[in-house]
Amino acid sequence: MNFAVIEDSRSQAEVLKALLKSEGYQVEVFADGQSFLDVLATRSFDFYVVDWVLPDVGGDVLVGKIREQHGWDVPIVVCTARTEEEHASDILRLGADDYVPKPVRYMEFLARVDALLRRRRAKHPDLLRIGSIELDAEGRRVRLAGQEVDLTQREFDLAAVFLKNVGRVLAREELLAAVWAREADVDTRTVDTHASRLRKKLGLSGESGLMLTSVYGQGYRLDTVSG
């Protein structure tokens, strides 16, 4: 899962990054609003942490742009030094899901992040996010860093098996049975061919935060890798 942290205080940004990475998340930090908006034009993230007061672009503008480009489903938490009721209500009304007062209480921050993610998982039980890959089982879609990837039916089915079994060695025969159960004219070379295609299409050589490796004499294993 990829987090964007937009925070002009370097020390604050590094602490938030370290906290989120300790929970297994991938984190990209932006020191100002414009650098974030430049990236947002072509990419999306799974979670946004926005400092409300930045040197160039206000938090209200950033929240508005996130909602405009990526909808109302993605979680946004705002960090702000202003905690009066009127200001807090404005933040929520403009599109944030929650806000964290500064100075940030770090355990509370992580708890609020976790609560928002639980709520989102409850709304989308068929949505699986690992690394920068999102698999929508119901819609049969896969996105890499927010961009939809064109997969064949069998590539999608194989990707789903790998993503649901991260860290586990899967024998080629097991993969054949799971994906090609009704096709008698395929062999384990078919698994190798499709695995190679997935490695390229989904960045499974580490670019996506995931590494697909061949285990000699056994099969394949998909592992998470640190960024």
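Which residues of helix 5 are buried? In this predicted model, the buried residues of helix 5 are Phe109, Leu110, Val113, Leu116, Leu117 and Arg120. Seen down the axis of helix 5, these buried residues fall within an arc of 125°, so they line one face of the helix. An α-helix has 3.6 residues a turn, so residues three or four places apart point the same way. The face of helix 5 turned away from the buried side carries Met107, Arg119 and Ala122, which are exposed.

Helix 5 itself runs over residues 106-123, and its 18 residues reach 26 Å from the first C-alpha to the last, close to the 26 Å expected at 1.5 Å a residue. The buried residues of helix 5 pack against a set of strands, namely strand 1 (2-6), strand 3 (47-51), strand 4 (76-80), strand 5 (98-101) and strand 6 (127-130), and also against helix 1 (10-22).

**Helix 1 against helix 5**

Two packed helices are described by the angle between their axes and the distance between the axes. For helix 1 and helix 5 the packing angle is about 55°, and the axes are 11 Å apart. An angle between 35 and 65 degrees counts as oblique, and helix 1 and helix 5 are therefore oblique to each other. The crossing in which helix 1 passes helix 5 is right-handed. On the helix 1 side of this contact stand Gln12, Val15, Leu16, Leu19 and Leu20, which meet Tyr106, Met107, Phe109 and Leu110 in helix 5.

Helix 7 (residues 172-179) has buried residues of its own, namely Arg172, Leu175, Leu176 and Val179. They cover an arc of only 105° around the axis, which puts them on the same side of helix 7. On the other side of helix 7, Glu173 and Ala178 are exposed. The buried residues of helix 7 are covered by elements that include helix 6, helix 8 (188-201), strand 10 (169-171), strand 11 (210-215) and strand 12 (219-224).

Helix 6 (residues 153-163) contains Gln153, and Gln153 is exposed, with a relative accessible area of 52%, where the cut-off for exposed is over 50%. The C-alpha atoms of Gln153 and Val179 are separated by 9.5 Å, although these residues lie 26 residues apart along the chain.

| Helix 5 | Phe109, Leu110, Val113, Leu116, Leu117, Arg120 | 125° |

Definitions and conventions. Residues are numbered from 1 along each chain as its sequence is written. This is a predicted model: local features need pLDDT of at least 70, side-chain atom pairs count only at pLDDT 80 or more; totals for chains, interfaces and linings use all residues. Side-chain values use heavy atoms; hydrogens and water are left out. Helices (H or I, at least four residues) and strands (E, at least two) are DSSP runs, numbered from the N terminus. The expected span of a helix is 1.5 Å times one less than its number of residues. Buried means under 20% relative accessible area, exposed over 50%, partly exposed in between (1.4 Å probe, protein chains only). The arc is that of the directions from the helix axis to the C-beta atoms. Contact means heavy atoms within 4.5 Å. Axes are lines fitted to C-alpha atoms, for helices over the stretch in contact, and angles run from 0 to 180 degrees between N-to-C directions. Angles under 35 degrees count as roughly parallel, over 145 as roughly antiparallel, 65 to 115 as roughly perpendicular and the rest as oblique. A crossing is left-handed if the near helix is turned anticlockwise from the far one by less than a right angle, and right-handed if clockwise.
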